[in-house]
Amino acid sequence: MKQAPMSLRRRLVLQLLGIAAVLAILLYLTVRTVANSAAEATQDGVLGAATMAIAERLQGGDTGVSLDLPYEAFSILGSISDDRIFYRVDANGETLTGYADLPLPRHAAPSVEPVFFSDFYREFAVRIAVTNRAVLVNRQPILVTVAVAQTRQGQEAIAQRTANLAAAIGLAAFALAALLSMLTAGSVLGPINRLADAVGRRGPHDLRAVDHPSPEELRPLVTSLNGFIARLRGALSRTETFIAEAAHHIRTPLATVRARAEIALRQSEADETRETMRAVIRAVEESSRSASQLLDHATVVYRSDRLADGPVDLSKLLQGLARSHGPTAELRDLTISVSGADRPVTVQGDRLLLESALRNLIDNAIKYSPPETEIALSLAARDGKAVIAVRDRGRGLGGRSQPELARRFVRGANVDDVVGSGLGLTIVEEVAEIHGGSFLLTERKGGGTCAELVLPLR
């Protein structure tokens, strides 16, 4: 099974935490090394001073070398820690006092300045300082070597405390780095999330180029996305152009076929021929209406992301549509009434799309209403919205819900004998969505339907 790729946030946080862990370890090692070096240098300074103090007490004479041990030097060494102290004084290779088996440097040249080295003595790790002095004995120079050793428990204790402090500093640094890593990951991915939100907030028909402010690193992504949108927009435009042209070229020959069929119907006397001509005329009407609706739907889809956004006076638009549908309604013995359109109600939108939506609603009301009934058109402004209602006494919803009827090419079960394409309500709902409004279709008490198109006021 293919493993899902790790998220950028997790990958970035893990990488930053890895770097933080390496830096914390380096900090720990650095602090411990520096602290050990500093502790050793401090111990060497005190040990060298004690060795020099002993060497300065050396005195020569006619009979030999004398030494008055300065016990304050040993007290200085003991004041630092509870380490054990060892010393050794040799003259011409013979131990005069101290521990005769205390190690001396094997290849060290005579030096007045103390020489330091580490060794093991009596199962202890010791630090040893060695210095040489020339003392006159019976007017002859004798080389005297003074060695002072100190165990390293104190230094190790200091090193351990320093190591614990370094570990605490490393852990604190790592915790701070972890917090900063999460903040950094959020900051780095913030522009990507904002770009994704800007694209995600777009409607399904918004194919404008992305012009969201983005960092330089995201410009290639934005450029590629805009290129894809441009190609998609071109493909949709070609498809819509094809649909519009196809609908146009289909309607013209269909009109010719219908005219000839009506002529043949009037001239024919045979019942079978007349019935056939009526079927042909009905099929031509259905095809012509479907072509017209396809053209309207293609227009809605095409203009959805290119809205001719401007002020539209719904009162004038509704009155004009009522007048244009008046003759058709009179042929079916229907009455169209308009209320609430005596004063301007202005919305911001595309006049062509709003006209298409309202024309489909009025056309449906005329088709499905029985003779000698009224189609009531009303316009009202309330709560910052314009509400256009089309009420009829037709056949109702036929047992279907609005979402079902608003799907493309879906019609009610009770309208099979009426010519239709099943695109009218789809167009109305899409126009409402494009304009930030809503569409509601309900059944009226006593029969019929009430279609409401709600649009935000300008």
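Colleague: Which residue in strand 14 stands opposite Arg391?
Modeller: A word on conventions: this is a predicted model, where local features need pLDDT of at least 70 and side-chain atom pairs count only at pLDDT 80 or more, while totals for chains, interfaces and linings use all residues. Residues are numbered from 1 along each chain as its sequence is written, and side-chain values use heavy atoms, leaving out hydrogens and water. Strand 12 and strand 14 pair in the antiparallel sense over seven bridges (strands are DSSP runs of E, at least two residues, helices are runs of H or I, at least four, and elements are numbered from the N terminus; pairing needs at least two DSSP bridges). Opposite Arg391, strand 14 has Cys450.

Colleague: Strand 13 pairs with strand 14 too, so to speak; which residue takes a positive phi in their hairpin?
Modeller: Strands 13 and 14 are joined by six bridges in the antiparallel sense, with Ser438 standing opposite Val454. Five residues lie between the two strands of the hairpin, and the one with a positive phi, near 90°, is Gly446.

Colleague: How many of the eight residues of strand 14 are buried?
Modeller: Buried means under 20% relative accessible area, exposed is over 50%, and partly exposed lies in between, with a 1.4 Å probe and protein chains only. Strand 14 is largely enclosed by the rest of the structure, because its buried residues number seven.

Colleague: What does Leu354 contact, leaving aside its neighbours within four places in sequence?
Modeller: Contact here means heavy atoms within 4.5 Å. With those sequence neighbours set aside, Leu354 meets Val312, Leu314, Leu317, Val347, Val431, His435 and Leu455.

Colleague: At roughly what angle do the axes of helix 7 and helix 9 cross?
Modeller: Two packed helices are described by the angle and the distance between their axes. Here the axes are lines fitted to C-alpha atoms over the stretch in contact, and angles run from 0 to 180 degrees between N-to-C directions. Helix 7 (residues 351–368) and helix 9 (residues 424–434) have axes that come within 9 Å, and the crossing angle is roughly 145°.

Colleague: How many nonpolar residues are in the contact of helix 7 with helix 9?
Modeller: Helix 7 brings residues including Leu353, Ala357 and Leu361, and helix 9 brings residues including Leu425, Ile427 and Val431. Ala, Val, Leu, Ile, Met, Phe, Trp, Tyr, Cys and Pro count as nonpolar, Asp, Glu, Lys and Arg as charged, and the others, Gly among them, as polar. Four residues of this contact are polar and none is charged, while the nonpolar ones number eight.

Colleague: Why is helix 9 described as largely enclosed by the rest of the structure?
Modeller: The buried residues of helix 9 include Gly424, Thr426, Glu430 and Ile434. The description holds because, of the eleven residues of helix 9, the number buried is nine.

Colleague: Moving to the open sheet of five strands, what is the order?
Modeller: Strand 4 (94–98) and strand 5 (115–121) are at the edges with a single partner strand each, so one side of each lacks a neighbour in the sheet. The pairing is antiparallel, and the order is 4-3-7-6-5.

Colleague: Which strands of the sheet does helix 1 touch?
Modeller: Strand 6 (residues 124–137) and strand 7 (residues 140–151) run antiparallel, joined by twelve bridges, and Val130 stands opposite Ala147 in strand 7. Helix 1 (residues 8–56) packs on this sheet at about 30° to the direction of strand 6, and touches strand 5, strand 6 and strand 7.

Colleague: How far apart in space are Leu189 and Leu12, C-alpha to C-alpha?
Modeller: Leu189 is in helix 3 (residues 153–200) and counts as buried because its relative accessibility is 10%. Beyond its neighbours within four places in sequence, Leu189 contacts Leu8 and Arg9. Leu189 and Leu12 are 177 residues apart in sequence, yet their C-alpha separation is 9.5 Å.
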